[in-house]
Amino acid sequence: MDANRRFYDVPEGVDIRGRYDAEFAGILTEDALRFVAELHREFRAHIRYAMERRREAQRRYNSGELPGFDPATSCIREADWVCAPVPPAIADRTVEITGPVDRKTIINALNSGAKVFMADFEDALSPTWENLMRGQVNLRDAVNGTITFHDPARSRVYKLNDEVAKLFVRPRGWHLPEAHILIDGEPATGCLVDFGLYFFHNHAVFQGSRCGGAGAGPFFYLPKMEHSREASIWNRVFDRAESSAGIERGSIRATVLIETLPAVFQMEEILYELRDHSAGLNCGRWDYIFSYVKTFRGHPDRLLPDRAHVGMNQHFMRSYSDLLIRTCHRRGVHAMGGMAAQIPIRSNPAANEAAMESVWKDKLREVRAGHDGTWAAHPGLIPVIMEVFAGSMGGKPNQIAVTREDAGGITEEDLLQRPRGVRTVEGLRLNTRVGVQYLAAWLAGAGSVPLYDLMEDAATAEICRVQNWQWLRYGAVLDGEEAEVRATAELFGRVVEEEMGRIRSEVGEEKFEHGKFKEACKIFTRQCTSPELTDFLTLDAYNNVVVHHPKAPSRF
């Protein structure tokens, strides 16, 4: 064994198989890993049960059952209760910017003028060991106010302004493992690694602020939930973390992304489970579209139109947004709007003006509907969005006091109405081109990828994948270049070949040959043509970004 090889100090039962790095060792301390291991051991059985219940529900949907409101929890939906009061520190969430946890992005996002920055360990991050651990280092430095970044190419040093956005962190979903950390011989639960390491190293800074106590933070976003039992697990994780740290119950606050179709029927119950830790709900609309296809994978009568046509003008999408607003305001918390994924187009003023107009209209719709704030993917959108919300809210930090009684009549049928619109060969082509390029970037370590003037993350790539699968599985009729054609394996094979040629032309020969495009094409094509729909693109591709290093010698 190399005498110079270093290993992490780990508690009993924990094995780190990721590369050793002295900076990472400051995060992966023995006490921090013990805390993560305790969370994993306490909650792993509950997580496994929740995941099995997801699978059971999907089997029922595949057999023809439709999601709906649970009669057993009608007492929660009908009762008069509210969540804990909104902390003053996060009362104004008018514009939130999101992005991965690399050092430059964190500094730019915190300095962007947004009210909140959501630092993302989930859809905007490729979960390589380097990305995950470097992200924890970066967030620790950001919370401490010491983060800087030197860009030699620009001869510029980035540092934080005096006034910065509030920091929220999004861990991974319940379904994702962390294969670089083994606990009792099994991969750790990814979200508990993300949450546990961040909380352990940073909670004291939030409590040491002028507003220490309940609602002081840390703050989180929670993704991919399908049922209130999953929110209940998170609530118990928060209780356990607060108790372990000796801080006041309710210090942690979390916003839940309503981004799965089953969860829209559980919004009241999710808020109820998290009522002492809740910071509202968010319309995760891109994942919601993905979930619509995934939930109805066994329903050939529910084929989506081209993804460009599945917007908030669709009745089922508008109903989802309106019910979320009513639910949140009824329970005294924020109702956050969806992502604006546009990127400023500096090379084309006319196209940029059209893009900004689209953002303006979308955000005006959100604020008039009653949303308290919204998401932006790029700092260049923040002035536009801020102007829309400030002009419509009259200087108030939020609209929580405004109720949407008209949304009280939204039914299961409203939330499940079939989307309308055309399906085209061009839609199949665009899905393939975007899906392959995103996955190639993800395999190379990038989770947030600009493509065709939009910032794409795993959610939009998932829509591309499942929509292709759905059309091919049921032989959807597509409007073609000259005539209608049916989606078949033969057509898809030709589309893949032609679009790979187009990608090669667009990115250039050298980048194409040295990139992960061929590997991505194989994975994407396999998933689109599989007899059974795999649940998550990133879960299927995860082993491609796992790199194990030699096991540390046992100390026990």
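## Contacts across the chain

Among contacts in the chain between residues at least 6 apart in sequence, 77% join residues at least 24 apart. Contact here means heavy atoms within 4.5 Å. This is a predicted model, in which local features need pLDDT of at least 70, side-chain atom pairs count only at pLDDT 80 or more, and totals for chains, interfaces and linings use all residues. Residues are numbered from 1 along each chain as its sequence is written, and side-chain values use heavy atoms, with hydrogens and water left out.

## Overall build

The chain has 20 helices and 17 strands. Its radius of gyration is 23 Å, close to the 24 Å that the globule rule gives for 556 residues, so the chain is as compact as a globular protein of that length. Helices (H or I, at least four residues) and strands (E, at least two) are DSSP runs, numbered from the N terminus. The radius is taken over C-alpha atoms, and the globule rule is 2.2 Å times the number of residues to the power 0.38. Along the principal axes, the C-alpha atoms fill a box of roughly 65 × 60 × 50 Å.

## Surface and charge

Buried residues make up 58% of the 556 residues. Buried means under 20% relative accessible area, exposed over 50%, and partly exposed in between (1.4 Å probe, protein chains only). The chain exposes about 22400 Å², and carbon and sulfur atoms supply 50% of that area. Accessible areas come from the Shrake-Rupley method with a 1.4 Å probe; for residues, only the protein chains shown count as cover.

The chain carries 68 positive and 77 negative charges, and their mean positions are 1 Å apart. Lys and Arg count as positive, Asp and Glu as negative; His and the chain ends are not counted. Each charge is placed at NZ of Lys, CZ of Arg, CG of Asp or CD of Glu.

## Two buried helix residues

Glu 269 sits in helix α9 (residues 267-273). Its relative accessible area is 1%, so Glu 269 is buried. A polar contact of 2.5 Å links its side chain to that of Thr 73. Such a contact is a pair of N or O atoms within 3.5 Å; within protein, one must be able to donate a hydrogen and the other to accept it, and residues adjacent in sequence count only if both atoms are side-chain atoms. Leaving aside residues up to four places away in sequence, Glu 269 touches Thr 73, Ile 76, Arg 77 and Ser 228.

Ala 50 lies in helix α2 (residues 30-62). Ala 50 is buried because its relative accessible area is 2%. Not counting residues up to four places away in sequence, Ala 50 touches Arg 229, Glu 230 and Ile 233. The C-alpha atoms of Ala 50 and Met 225 are separated by 10.0 Å, though these residues are 175 apart along the chain.

## A partly exposed glutamate

Glu 509 belongs to helix α18 (residues 509-514). At 46% relative accessibility, Glu 509 is partly exposed. Its side chain makes a polar contact of 2.5 Å with that of Arg 504.

## Backbone exceptions

Most residues other than glycine have a negative phi, and most peptide bonds are trans. Gly 217 and Pro 218 are joined by a cis peptide bond, with omega about 10°. Pro 218 is in the loop between α6 (190-207) and β9 (219-222).

Ser 155 has a positive phi, near 50°. It is in the loop between β4 (148-151) and β5 (156-159). Ser 155 counts as exposed, at 66% relative accessibility. Asp 184 has a positive phi near 55°. Its loop runs between β7 (177-183) and β8 (186-189). With a relative accessible area of 39%, Asp 184 is partly exposed.
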